[in-house]
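Colleague: I have a model open and I am new to reading these. Can we go through it piece by piece?

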Amino acid sequence: MTDFLQLVVAGLSQGAVYALVAIGFVAIFTVGGVINLAQGEFVALGGLVAIWAVGSGLPMLAAAAVAVVIVVGVAVGVERLVVRPVRSMTTLTSIILTLGVSTALKAAMLLIWGPDSKGLAPITGGQYTVAGVTVRGQELWILAIVAVASVAVYWFYDRTVTGKALRACAEQPVAARLVGISPGAASMLSFTLAGLLGAIAGVLASPLYFTSWDSGLVLGLKGFVAATLGGLVSVPGAIFGGLLLGVLENLLAGYGDSGLRDAVAFVVLIVVLIVRPGGVFGRHAEARV
Amino acid sequence: MKLRTRWSGLATALALSVLVAGCSESKSTNNAGGGASTGPVKMGAVLDITGAGASLGVTERKSIELAVKQLNEKGGVGGRQLQLITEDNQSTEDGAAKAINKLVSQDQVDIVLGASRTGPSLAMRPIAESSKMPMISLAASKAIIDGSQWVFKTAQNDAVVIAQMIDLAKQRGWKTIGLARDASGFGEGVAEGMTDQGKSGGISVIRIEKFAPDATDFTAQMVNLRSANADANVIWGIPPAAALAQRAYRQLGIASPVLQSHGIGNQAFLDTAGASADGLLAPLGRINVADQLPADNPQKKVLTDFIDNYRKAYGGEQPSAFAGYGYDAVNLAAEAIGKAGTNKQAVRDYLEGVKNHVGVSGVFTMSPQDHSGLTKDAVVMTTVANGKFTLMSKPG
């Protein structure tokens, strides 16, 4: 039982990181039907910028702020320079475009920061043992900050006018434009949100899971799988999907073969696409992927 | 339209002339590759510069470049300059196979160094054998050289490191061992080696856990090691994975002593593992404890010179054990080519007969049966104290 709980705890903290990536996918997809494959790179970039900032003498909080500013800047740049100029964007076009962006970002990170894996110092070190289950301080921080971010994102979409405008773009793009919501502004806002979440995920994950120029790929894929659990349009679905994926991975690694850890995400993806292509939590019956 | 035809005619003529020039040039290098005695000696290196093996490959590239520069400043090898061609295999097996194919058929090098890790080295071996290309691997597993004709290696065999671990187990009375190993080639055969060598002392491996070289969370493996409750546990991997596993080991409060392999012999491991590394035991090459060696150690001078030169060349950075593997490979290759020329058969035969070559990783004495040339004397038992590798057993 202790072992089981230990695996679940570790899975939840890893899953929380997937959840943040997944919300980023959802934020962008709902507005313009764009699947942003560079979402994982936003996470790696956030981590690497923060590590670099701490290394050049900034305190942790300032480094995190620098990471957020730079990643959001890159995300907005991607939207302006790559997504916006395309006249008739389809989901397939967006996948190809952002795959290119992802490769370019990886190459840039490799050139700037080199090939080594690095980690940040945890926000608070130390660990707590309750009934034989060890929880790292950083894991509590991850869970707490992801919870706050999730509630904030939910509140933004549900309670603020801007958030409602974004949802309007997603559900009725023509009607949204008729009532004066600019699809361009909405798209940029969604990338800002995705960049912000990516940077936060990068800073939070780095102390435990380390960051290197290529660590975004796997995170992005798993975040994408978590997002499909919500049909790519549901924020609560994305959060639940992320946590579920993290826990499943750890349980399989613990009780089955640890080599199969990375296979979990893809098995889940296949099952979801066959059984419920609209997502486990999707409101739409038809496939949107 | 007319204009366009004329231009395209010109372009075709140009392309043709380039092609012809290209052909004649490649023909001339063809002769050089076949053991000519003029022009530069071409040395190819296939390294894990990006990907999971980056913390090895990057320093290896630095030490290889340093060694080549030193040799060229001294007048090269047999009066000819060394030309280095480095390829990044991205820490993948297929990348390594592609890279050695390119070096053999396109660059027509005289000798190949690499790869950094066992998996990619094993992928290169059949190509080296079939094209009769001398190759010096920088990786650990004995499988790379077992029964090979053309492949040699500089890293200490996993078998000699296991031998040191088993010696320690006998000394301390450990009977059961739990193992968490790299799932790639580096970790293959470790459990079997321990079972074999431990048999005489009644030592057995009771639990085997695996992790991917680029894994980031080790809770699952360490939870299982904790449940197995062995007398001692061995983590067999390279940084950053080995360091993250070390952290998880301490985090879960596992009481048994923990041993690590010689895959951790660099500063990146110590930086990443931090305080969790304190107290671990690891058989390492002497480069990690060079400052603690007595002055009469045969390797002392080679080690001190190498460390000084490397630090001078790379802004005070401390060279790792992996840097040493690269440095030794260049020097072994240079010695062989200097004595035997670039005839590949002669180079191979010379390497097989190397005796008492004092290198950074140990004193090499090769034989037809042993293309590694290092015994268990090439590694010494160390422990980590205050974030530093510290010589543990009898000095020397």
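Modeller: In chain B, strand 3 (residues 111–114) and strand 4 (residues 135–137) pair in the parallel sense over 2 bridges. Strands (E, at least two residues) and helices (H or I, at least four) are DSSP runs numbered from the N terminus, and two strands pair if DSSP finds at least two bridges between them. This is a predicted model, where local features need pLDDT of at least 70, side-chain atom pairs count only at pLDDT 80 or more, and totals for chains, interfaces and linings use all residues. Residues are numbered from 1 along each chain as its sequence is written, with chains lettered from A and ligands numbered from 1 in the order in which they are written.

Colleague: What is the bridge partner of B:L113 in strand 4 of chain B?

Modeller: The partner of B:L113 is B:I136.

Colleague: And in what order do the 5 strands of the open sheet in chain B come?

Modeller: The order is 2-1-3-4-5, with parallel pairing. Strand 2 (82–88) and strand 5 (151–153) of chain B are the edge strands, each pairing on one side only. From one strand to the next, the twist averages 25°.

Colleague: Which strands of chain B does helix 4 lie across?

Modeller: Helix 4 (residues 118–130) of chain B lies across strand 1 (41–47), strand 3, strand 4 and strand 5 of chain B, and runs at about 170° to strand 4 of chain B. Axes are lines fitted to C-alpha atoms, for helices over the stretch in contact, and angles run from 0 to 180 degrees between N-to-C directions. Residues are in contact if their C-beta atoms, placed from the backbone, lie within 7 Å. Helix 11 (residues 321–340) of chain B also packs on the sheet, touching strand 1, strand 3 and strand 4 of chain B.

Colleague: Switching to chain A: how do strand 1 and strand 2 run?

Modeller: Strand 1 (residues 127–130) and strand 2 (residues 133–136) of chain A run antiparallel, joined by 4 bridges. A:T129 stands opposite A:T134 in strand 2 of chain A. The two strands of chain A form a hairpin with 2 residues between them, and A:A131 in the turn has a positive phi of about 50°.

Methods. Contact = placed C-beta atoms within 7 Å.
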